[in-house]
Amino acid sequence: MAKGTDPQLRRGRVAISAVFAVHGAVTGNFATRVPWIQEHLGISSGLLGLALAFPAIGASCAMPLAGRISHRFGSRTALRGLLGLWCAALALPAVAPGLVGLCAVLFVYGATAGAADVAMNALGVETEERLGRSIMSGLHGMWSAGALLGSAAGALAARSDVDARLHLAVAAGALVALGALACRWVLDLRGAAEEHPPPRFALPPRSALVIGAVGFCAVFAEGASLDWSAVYLRDVMDSDAGLAAACTTAFSCTMAASRFAGDAVVRRFGPVRTVRASGVLATAGGLLVVLADGPAPAIAGFGLIGLGIAVVVPLAFAAAARSGPAPSQAIAGVATITYTSGLIAPAAIGQIANATSLTVSFGLVTALAFGLIAGAGVLRGARHEAAGAPSTAGGRT
């Protein structure tokens, strides 16, 4: 039987796609209620930025454990547990009693996010290999589609003035159930009894660091836009809560569309020209955000940023796989750099905004977007046929 005609393998491909969508939906729901959490706790942008650094700390602590958990319990059981914890953690930020409590729950939120992300990406890679064709770009697109649906639900809740504690609790319960259902049909991979557990940490080769820098620029812009676009619309553009949340939805929408179309674009133009064009779009979007005099151009700017950065990280993974004799180590190194970028970006934006303004913060995002144009050449040699390459570690996908 051909690889792609195996019914179990086909079910596994659909199931892992659903897992990516559920993971994205958690992020989308949370991002739209960040302004509510800030207002509810009465904290400044600087203190909010400080709190948003704790997901990065939590993820850094938990990510090395994901491979060992999967090795011990099997991929299906590990993913079911880790994804369930991540979905449940969505309810925590809205019930934090103060700044210290918010930092604590965001640490847990980040730890569960990072561990679940690593597990699902590793299983996605194995599914891709067994199918014998690229699916990683589509999986990343499903994550963006999930984030879009989650942010749309959040925008609707915000516009309807639904208390974020109720909204996030209901969303968490629904996503826990959907995630558990999807995990029933993912591939169940188990290491041999004599196989040693994966190492906790491996330094990436030098070749991966330059590639990782390109991914860093893209994911920094993604993390900043996803977590701060609604705040930007509210504070800088003086928009209402519903319109501010809708900006996050627009960003997620363009990310999803770009990722689903990414394979065809890369096959036609190659990775270097694709990333340079992406950098032009993202830079134009950043300038539009910074120079906007009303909500409409700002929302359009965030949409262009999403359109421009969507396929950069999958192409960075593809380039890493061809960059040296240890592709898995290189991919893991690039993934770690990009994932860390996405988690520190919200905190960095908040600290810069506290010292200057949110407009200045997105000036930095614009500069990093321009870095994609300058650094696109390091992706030369990435596979043209796949907008996404196998990844052994998580990113904000």
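## A helix and its surroundings

The buried residues of helix α2 are covered by parts that include α1 (7–32), α3 (45–51), α6 and α9 (206–235). Here, contact means heavy atoms within 4.5 Å, and helices are DSSP runs (H or I, at least four residues) numbered from the N terminus. The model you are looking at is predicted, so local features need pLDDT of at least 70 and side-chain atom pairs count only at pLDDT 80 or more, while totals for chains, interfaces and linings use all residues. Residues are numbered from 1 along each chain as its sequence is written, and side-chain values use heavy atoms, with hydrogens and water left out.

Which residues of α2 (residues 34–41) are buried? They are V34, P35, I37, Q38 and L41. These residues lie on the same side of α2 because they cover an arc of only 165° around the axis; the arc is taken from the directions that run from the helix axis to the C-beta atoms. "Buried" means under 20% relative accessible area, "exposed" means over 50%, and "partly exposed" is in between (1.4 Å probe, protein chains only). Just after α2 comes G42, with a positive phi of about 65°.

Helix α1 holds S17. With 8% relative accessibility, S17 counts as buried. Leaving aside residues up to four places away in sequence, S17 touches L139 and M142.

### Rings that meet

Let us turn to the aromatic side chains. A search of the whole structure finds six aromatic pairs. Rings of Phe, Tyr and Trp (its six-membered ring) pair if their centres lie within 6.5 Å; planes under 30 degrees apart count as stacked, over 60 as edge-to-face and the rest as tilted.

| Pair | Centre distance | Plane angle | Kind |
|---|---|---|---|
| Y232 and F302 | 5.8 Å | 80° | edge-to-face |
| Y232 and F362 | 5.2 Å | 80° | edge-to-face |

Y232 lies in helix α9 and F362 in helix α15 (residues 358–375), so their pair ties together parts that are 130 residues apart in sequence. Is Y232 buried or exposed? Y232 counts as buried, because its relative accessibility is 0%. F362 is buried too, with a relative accessible area of 1%, and F302 is also buried. Elsewhere, F30, W86 and Y109 are linked into a cluster by ring pairs.

### Loops and surface

Most residues other than glycine have a negative phi. D161 is found in the loop between α7 (136–159) and α8 (164–183), and D238 lies in the loop between α9 and α10 (241–269). D161 counts as exposed because its relative accessibility is 69%; D238 is exposed as well, with a relative accessible area of 68%.

One more loop, between α5 (75–89) and α6 (99–131), contains V95. V95 counts as partly exposed because its relative accessibility is 49%. Together with I57, L92, F107 and V108, V95 forms a nonpolar patch on the surface, with about 370 Å² of accessible area together. Such patches are made of residues with over 30% relative accessible area and no salt bridge; like charges are joined within 9 Å and nonpolar side chains (Val, Leu, Ile, Met, Phe, Trp, Tyr) within 5 Å. A salt bridge is a side-chain nitrogen of Lys or Arg within 4 Å of a carboxyl oxygen of Asp or Glu. Accessible areas come from the Shrake-Rupley method with a 1.4 Å probe; for residues, only the protein chains shown count as cover.

Notes:
Helices (H or I, at least four residues) and strands (E, at least two) are DSSP runs, numbered from the N terminus.
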